[in-house]
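Here is a briefing on one structure. Look at the fold first, then read the points below.

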Amino acid sequence: MQKLSIIGVPMDLGAENIGVASGPDSLRENEIIQKLTDAGFKITDLGNITVKERASLSIENPRAKYISEICRVSLELAEKVKATVLKNEKVLVIGGDHSVCLGAVSGASVALSGNLGLIYIDAHGDMNTSKTTLTGNIHGMHLASLLGFGDKKLKHILDTTVKVKKDFLLLIGGNDFDKAELELVRNEKLDSIFMKDILSKGFYQVFEKITMLSKNASNIWVSLDLDSIDSVYAPAAAMPNKAGFTYREITILCEEIGKSCNVMGVDLVEYNQQFDVNEKTAELAIELIIKLFGSNYSWYTKYLEKNKTHDWNNKK
Ligand SMILES: [Mn+2]
């Protein structure tokens, strides 16, 4: 049975105060551990990393708010992820805001000596630096750091290597990129499929690019920001998106990734329980995580399980 460790990072310091710190415990309340176990994984819950309260901290640098605490948490997370990957276990990191991706991917990359592809599903670029940022929020910068750009403190988590090589990155579902981020995508020739590309050319190219990346990178990390999903289906995304993926699109996308790639880690970020409607975002998040790790879970699998009255394979 495939082993999978869960690490919660209740950190919201990378964003404005948007209520995402309760993400890990909310998903546990929605029985993520039981559901992953039912889907065929042997789960170890490593608990939550302790993050200092926003009120107890001061902003030293308004262009990279709470950078010291974010770097401290990222290092602790990176060490935990690295140790787990070295034991040949899969990892699920539950945020928190998207800046938890920095420590998670840094730890996995160092454990795998940089042989790590990153599939980044997000409406935003998260590729500003402390020079180009409009908000000073680090959840809009960590991807630039993972690619080796921007502030040294952020890009040198664990060591000074570049954590994600440019041709090992695939951006999917972009809608709202800042000017500086679009320039970076263009100048560095980053592989990206914006929502507009999907609408104009169809999903086929997305599947093609996923297959290509899985051939180049034998290990894949998936970073899933809930704001890539239409707010009808994911109302509890911290920054709700009216133009994101539908339920049909995001479930099939995650299923395809899970089937065609060796997904060794996932971070699921930007969940705000306060906005949820009958827990539907939490339930969708759990479904997508299970699909990304190559197994299945949906209303249909539950329906079949509940209604199974006869074992057709048993000839008696
Ligand atoms: Mn994001």
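A nonpolar core is a set of buried Ala, Val, Leu, Ile, Met, Phe, Trp, Tyr and Cys residues joined through C-beta atoms within 7 Å. A residue is buried if 20 or more other C-beta atoms lie within 10 Å of its own, and exposed if 12 or fewer do; in between it is partly exposed, and C-beta atoms are placed from the backbone. The model is predicted: local features need pLDDT of at least 70, side-chain atom pairs count only at pLDDT 80 or more, and totals for chains, interfaces and linings use all residues. Residues are numbered from 1 along each chain as its sequence is written.

**Core**
- The largest nonpolar core has 96 residues.
- Among those with the most contacts inside it are Val93, Ile119, Val222 and Ala285.
- Ala285 touches Leu27, Leu226, Leu268 and Tyr271, leaving aside residues up to four places away in sequence. Contact puts C-beta atoms, placed from the backbone, within 7 Å.

**Sheet**
- Eight strands make an open, parallel sheet, ordered β2-β1-β3-β8-β7-β4-β5-β6. Strands (E, at least two residues) and helices (H or I, at least four) are DSSP runs, numbered from the N terminus.
- Pairing takes at least two DSSP bridges between two strands.
- β2 (41-48) and β6 (191-194) are the edge strands, each pairing on one side only.
- β4 (residues 117-121) and β7 (residues 220-225) pair in parallel over five bridges.
- Ile121 has Leu224 of β7 as its bridge partner.

**Helix α9 (residues 204-216)**
- Val206, Ile210, Leu213 and Ser214 are its buried residues.
- On the other side of α9, Tyr204, Glu208, Thr211, Lys215 and Asn216 are exposed.
- The buried residues of α9 pack against β4, β5, β6, α8, β7 and α10.

Conventions
Contact = placed C-beta atoms within 7 Å. Expected span 1.5 Å × (residues − 1).
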